[in-house]
Amino acid sequence: PEIVRGNVAYDRELAFGLTGTAELLVSRNINDIVYQNLNYVPIGALPDGRLTYTKKDLNLNDVIVLANTSRGSSWTTTLKVERPFANGFFASASYLYNRAKSVNDGTTSIARSNWAFGSSVSYDVNNPPLATSDYETGHRVTLAATIPIPITSTVRSTASFYYNGQNGQPYSIVFNGD
């Protein structure tokens, strides 16, 4: 995979010892994976427009080709506030919003599985559309805190608390290939 990625970020000291950060991260695909099955050829269409297929050569099961596509991109914006304290206590809170589009997320190491299950639901199994990526985060809120715990005068420890709340992953329901 090949991407072009750029970001713009701004940090600023705020009141009460807080540090604020704002960032925008943008990525665009140059070369990403897409799978095609050369042994599946369309022979017609169902009333809703979905293509029906037959095997070009009945002696072969699948003829999977790994190709490149430039379709796909993502962008993420983040706002973060953090506050370190003199006694070693630290707290931070952040909000992230992400949108990501892809043709195939490449979720398995097996080419046939990526072709059959890695693409979004589409009308043409050999020409998958640009769709919401499985890796799109959506909204995400993160809270973190670290508290120093002195055990002895020479031995120190810390306790950390972390919370992550975010949207679930996007999904499609497919029943019997439909």
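Glutamate 136 is buried, with a relative accessible area of 11%, where buried means under 20% relative accessible area, exposed means over 50%, and partly exposed lies in between (1.4 Å probe, protein chains only). The structure is a predicted model, in which local features need pLDDT of at least 70 and side-chain atom pairs count only at pLDDT 80 or more, while totals for chains, interfaces and linings use all residues. Residues are numbered from 1 along each chain as its sequence is written, and side-chain values use heavy atoms, with hydrogens and water left out.

**Salt bridges**

Side chains of opposite charge can pair when their charged atoms come close. A salt bridge is taken here as a side-chain nitrogen of Lys or Arg within 4 Å of a carboxyl oxygen of Asp or Glu, and by this rule the count is 2. Glutamate 136 pairs with arginine 99, the closest N and O atoms being 3.2 Å apart. This pair links distant parts of the chain, 37 residues apart: glutamate 136 is in the loop between β8 (131-132) and β9, and arginine 99 is in strand β7. Strands (E, at least two residues) are DSSP runs, numbered from the N terminus. Lysine 80 and glutamate 82 form a salt bridge through their side chains, at 3.3 Å from N to O; lysine 80 belongs to strand β6.

The relative accessible areas of the residues in these pairs are as follows.

| Residue | Relative accessible area | Class |
|---|---|---|
| Lysine 80 | 32% | partly exposed |
| Glutamate 82 | 23% | partly exposed |
| Arginine 99 | 31% | partly exposed |
| Glutamate 136 | 11% | buried |

**The second largest pocket**

Rolling a probe the size of a water molecule over the atoms shows where empty space is left. On a 1 Å grid over the protein atoms alone, a pocket is an open set of points where a 1.4 Å probe fits, with protein on both sides within 12 Å along at least five of seven lines; lining residues have an atom within 4 Å of a point. The second largest pocket holds about 430 Å³ of space, a volume being the space filled by probe spheres set on the grid points. Its lining has 21 residues, and Arg5, Asn29, Ser74, Ala100 and Ser133 lie nearest the centre. At least two lining residues come from each of β1 (2-13), β2 (19-37), β6 (73-84) and β7 (90-102), with β2 giving the largest share, 6 residues. By type, the lining comprises 6 nonpolar, 10 polar and 5 charged residues.

**Nonpolar surface patch**

A nonpolar patch on the surface consists of Ile147, Ile149, Ile151, Val155 and Phe161, which together have about 430 Å² of accessible area. Patch residues have over 30% relative accessible area and no salt bridge, and nonpolar side chains (Val, Leu, Ile, Met, Phe, Trp, Tyr) are joined within 5 Å. Accessible areas come from the Shrake-Rupley method with a 1.4 Å probe. Isoleucine 149 lies in strand β9 (residues 138-150) and is partly exposed, at 37% relative accessible area.

**Backbone and separations**

Most residues other than glycine have a negative phi. Phenylalanine 16 has a positive phi, near 65°; this residue is in the loop between β1 and β2 and counts as exposed at 71% relative accessibility. Asparagine 7, in strand β1, is partly exposed at 45%. For lysine 80 and arginine 50, 30 residues apart along the chain, the C-alpha separation is 45 Å.

Key
Helices (H or I, at least four residues) and strands (E, at least two) are DSSP runs, numbered from the N terminus. Ala, Val, Leu, Ile, Met, Phe, Trp, Tyr, Cys and Pro count as nonpolar, Asp, Glu, Lys and Arg as charged, and the others, Gly among them, as polar. Patches are made of residues with over 30% relative accessible area and no salt bridge: like charges are joined within 9 Å, nonpolar side chains (Val, Leu, Ile, Met, Phe, Trp, Tyr) within 5 Å.
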